Amino acid sequence: IREAEGEIERVGIDMAADAARGADIVLFVADGSAGVDKDDKKVAEIVAPSGEKTALLIVSKSDMRQVIDLTEAGKLMPFAKAIFVSSVTGDGIAELEDGIADLVFGGKTASRESLLVADVRQKNLLIRAESEALEATHALRSGEPLDFAEVNIKAAYDALGEIIGETVTEDILDRVFERFCIGK
């Protein structure tokens, strides 16, 4: 997120800012080997204007001489826990992982009751399973024969089975055979 040099870049920056504003967790990375600059301040203003975001302040390059002013960096994200990390030595990575886990599993995120889904395919399967379960419920409540509800329950079960790998559809098999050369 910076000053845009063109219309397309401005649209991309606006989209990134909107995504950051809607994030449940903010991982704010500040370069420890450099000072806080105007771009850092701009990003902080966007992602946490009221200090309500659940965030971690990640100070990178901890293996290098630190010139960052932590007081100034702390003002950017005063509610965030600071973690020093080095991608070169690996220092601080375990603490970073623990910090993220604490935010996610510690009930501190804004949408702690929402479901985390790995990809669009899984989301669509969950939607399909829910729809089939609702259809089965409707069939049972309206007194239809159990056979009608059974069809929907089986479809819901199969959709959930696709997510965990218990059910393999023809579509999945076709995609596997398209992408990989499998000999006899």
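This is a predicted model: local features need pLDDT of at least 70, side-chain atom pairs count only at pLDDT 80 or more; totals for chains, interfaces and linings use all residues.

Me: Where is Arg2 found?
Reply: In the segment before α1, the helix spanning 7-21.

Me: How far apart are Arg2 and Asp40 in sequence and in space?
Reply: They are 38 residues apart in sequence. In space, C-alpha to C-alpha, Arg2 and Asp40 are 9.0 Å apart.

Me: OK, the sheet. What's the strand order?
Reply: β1-β2-β3, in an open sheet of three strands with parallel pairing. The edge strands are β1 and β3 (81-84), and each pairs on one side only. From one strand to the next, the twist averages 25°.

Me: How many bridges join β1 to β2?
Reply: Seven, and the two strands run parallel. Asp31 stands opposite Ser60 of β2.

Me: Which strands does helix α4 touch?
Reply: β1, β2 and β3. Helix α4, residues 93-105, packs on the sheet, and its direction makes about 170° with that of β2.

Me: Now the inside. How many residues has the largest nonpolar core?
Reply: It has 17. Those with the most contacts inside it are Val26, Phe28, Val47, Leu57, Ile68, Leu76 and Met77.

Me: Which elements give two or more residues to this core?
Reply: Helices α1, α2 (38-47) and α3 (70-76), plus strands β1 (25-31) and β2 (54-60). There is also a second, separate core of six residues. Ile58, Ile83, Val85 and Leu103 are among them.

Me: Switching to confidence. Which element has the highest mean pLDDT, and which the lowest?
Reply: Helix α5, residues 120-141, has the highest at 91. Helix α7, residues 170-179, has the lowest at 59. The chain averages 80, and 82% of the residues score at least 70.

Me: Pick a residue from α5. Is Gln122 buried or exposed?
Reply: Gln122 lies in helix α5. It counts as buried because its relative accessibility is 19%, and buried means under 20%.

Me: What is Gln122 in contact with?
Reply: Val117 and Ile163, leaving aside neighbours within four places in sequence.

Methods
Residues are numbered from 1 along each chain as its sequence is written. Side-chain values use heavy atoms; hydrogens and water are left out. Helices (H or I, at least four residues) and strands (E, at least two) are DSSP runs, numbered from the N terminus. A nonpolar core is a set of buried Ala, Val, Leu, Ile, Met, Phe, Trp, Tyr and Cys residues joined through side-chain atoms within 4.5 Å. Buried means under 20% relative accessible area, exposed over 50%, partly exposed in between (1.4 Å probe, protein chains only). Two strands pair if DSSP finds at least two bridges between them. Axes are lines fitted to C-alpha atoms, for helices over the stretch in contact, and angles run from 0 to 180 degrees between N-to-C directions. Contact means heavy atoms within 4.5 Å. pLDDT is the predictor's confidence in each residue, from 0 to 100.
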